[in-house]
Amino acid sequence: MSKLKYLAVVMSGVLLTACGGGGGGASSTVVSNTPPVTAPSTPSTPTTPTPPPSDGNIVVSVPPPTYATGSGNLQVFNAINDLRSKIGSGLLAQNALLDKSADAHWKYIDQNGVLELHQETAGKPGYTGVRAGDRIAAGGYTATVSAEAIFSTSGADKYSTCVAEWANSVYHAALLFASTIDIGVATGNVNAGASTLCVVDLATSNTQAAQLPGAGSVRVYPYANQTGVPYVFFNRTETPTPAPDLAELGTPVTVSFETKGLAISVPLAISQFALTAASGAAVESRILVNKAGKLGPAISTNGPALTDDSQMQGFAATLIPVKRLNPGTVYTVSLIAVVDGKAINKTWSFTTAAQ
């Protein structure tokens, strides 16, 4: 059984997202069967990303982590950086203070149960702060941007699957595009071995600049030519729940338009964002965006219908197929947009896992 919780992003101590992400209100815990996912590869050394455009500042090298060989912490660290490198988001560096805050929250959940995945209650054993930003500060890290992602699953240890689950989602996919610099990881079996829990804290300190690719870049997940992509997403395992009127979705396709120097005040227009099967048949889908520009630029359309979703991160759009995709099938994504006055025209393909 799996439980997903929303990745929260906090800027200068102000919560920018809604409930479920470390503050802003209560959220329910959703339980469903774990969707079939293919965990990303977890090499000892993460893949070195392709150098970004000259005006970007993507991190292409970080010190080797100190997590124990074969540990869940190392598996999660490598899986996140492996995926981030493949989509061009840059690597995250292990930070001892974020390890401390993640570990403290992991211990809190172990003592108090998985019903309090993100928020902590003052006075309970192991309490270090209500929200993720509070706990990161209590660990000694001074953050200008911070985030948290948590995954809990019953049964055998599935540490690398934590990252695959985050990737195969709507809101948690923000983990792959976050402009943060540092990461802390805590993993292990909680509640007397009844559940495997992964806690990840991400942050950028007040002495660091956000890492982002250069102007004109577009980052996507699933990435171009990716294979073994899950063909179904059980959206009710994620909290908040995207498209709550549907019991399941096909693989979400997320695009991040955010680049270094791109201003929130500059509108973004989407002319095409579509998914087609190898047969050429269009896949019925919805496109989720945060239209209002609260967390990024206002997003408008010159063609496809856009569904306003206040939980979506800024600078991003996610296409959600309204039905599960077919296994072992090549799908092609076509994207046309105007970002900061520059035309974006991108087509790429991915292949779903065999049944």
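Which residue in strand 6 does V145 stand opposite? The residue is T204. Here are my notes on the strands around that spot and on a few other places worth a look.

1. Ground rules. This is a predicted model, where local features need pLDDT of at least 70 and side-chain atom pairs count only at pLDDT 80 or more, while totals for chains, interfaces and linings use all residues. Residues are numbered from 1 along each chain as its sequence is written, and side-chain values use heavy atoms, with hydrogens and water left out.

2. The chain overall. There are five helices and 16 strands; helices (H or I, at least four residues) and strands (E, at least two) are DSSP runs, numbered from the N terminus. Of the 355 residues, 55% count as buried. Buried here means under 20% relative accessible area, with exposed over 50% and partly exposed in between (1.4 Å probe, protein chains only). The accessible surface of the chain is about 13200 Å², and carbon and sulfur atoms hold 53% of that; these areas come from the Shrake-Rupley method with a 1.4 Å probe, and for residues only the protein chains shown count as cover. Take the contacts between residues at least 6 apart in sequence (contact means heavy atoms within 4.5 Å): 72% of them join residues at least 24 apart.

3. Strand 6 and its cover. Strand 6 covers residues 195-205, and 11 of its 11 residues are buried. In a regular strand the side chains alternate between the two faces of the sheet. Both faces are covered in strand 6: S195, L197, V199, D201, A203 and S205 are buried on one side, and T196, C198, V200, L202 and T204 on the other.

4. The partners of strand 6. Two strands pair if DSSP finds at least two bridges between them. Besides V145 opposite T204, E148 has D201 as its bridge partner. Strand 5 and strand 6 make a hairpin with four residues between them, and N191 in the turn has a positive phi of about 55°.

5. The disulfide. How many disulfides does the chain have? The count comes to one disulfide, taking a pair of cysteine sulfur atoms within 2.5 Å as the rule. A disulfide is a covalent bond between the sulfur atoms of two cysteines. The pair is C162 and C198, with sulfur atoms 1.9 Å apart. It links distant parts of the chain, with C162 in helix 4 (residues 159-167) and C198 in strand 6, 36 residues apart. The link of C162 and C198 is right-handed, with 60° about the S-S bond. C162 counts as buried at 0% relative accessibility, and C198 is buried with a relative accessible area of 0%.

6. The 12-10-15-16 sheet. Elsewhere, four strands form an open sheet in the order 12-10-15-16, with mixed pairing. Strand 12 (299-301) and strand 16 are the edge strands, each pairing on one side only. On average, neighbouring strands of this sheet are turned by 30° against each other, direction ignored; axes are lines fitted to C-alpha atoms, for helices over the stretch in contact, and angles run from 0 to 180 degrees between N-to-C directions. Strand 10 (residues 268-277) and strand 12 run parallel, with three bridges between them, and the partner of L268 in strand 12 is I299.

7. The whole structure has three aromatic pairs. Rings of Phe, Tyr and Trp (its six-membered ring) pair if their centres lie within 6.5 Å; planes under 30 degrees apart count as stacked, over 60 as edge-to-face and the rest as tilted. One of the pairs is Y331 and F350, with ring centres 6.1 Å apart and planes at 25°, so the pair is stacked. Y331 lies in strand 15 (residues 330-339) and F350 in strand 16 (residues 342-351), so the pair ties together parts that are 19 residues apart in sequence. Both Y331 and F350 are buried.

8. S334. This serine is in strand 15. S334 is buried, with a relative accessible area of 18%. Leaving out residues up to four places away in sequence, S334 touches Q272, F273, A274, K346 and T347.
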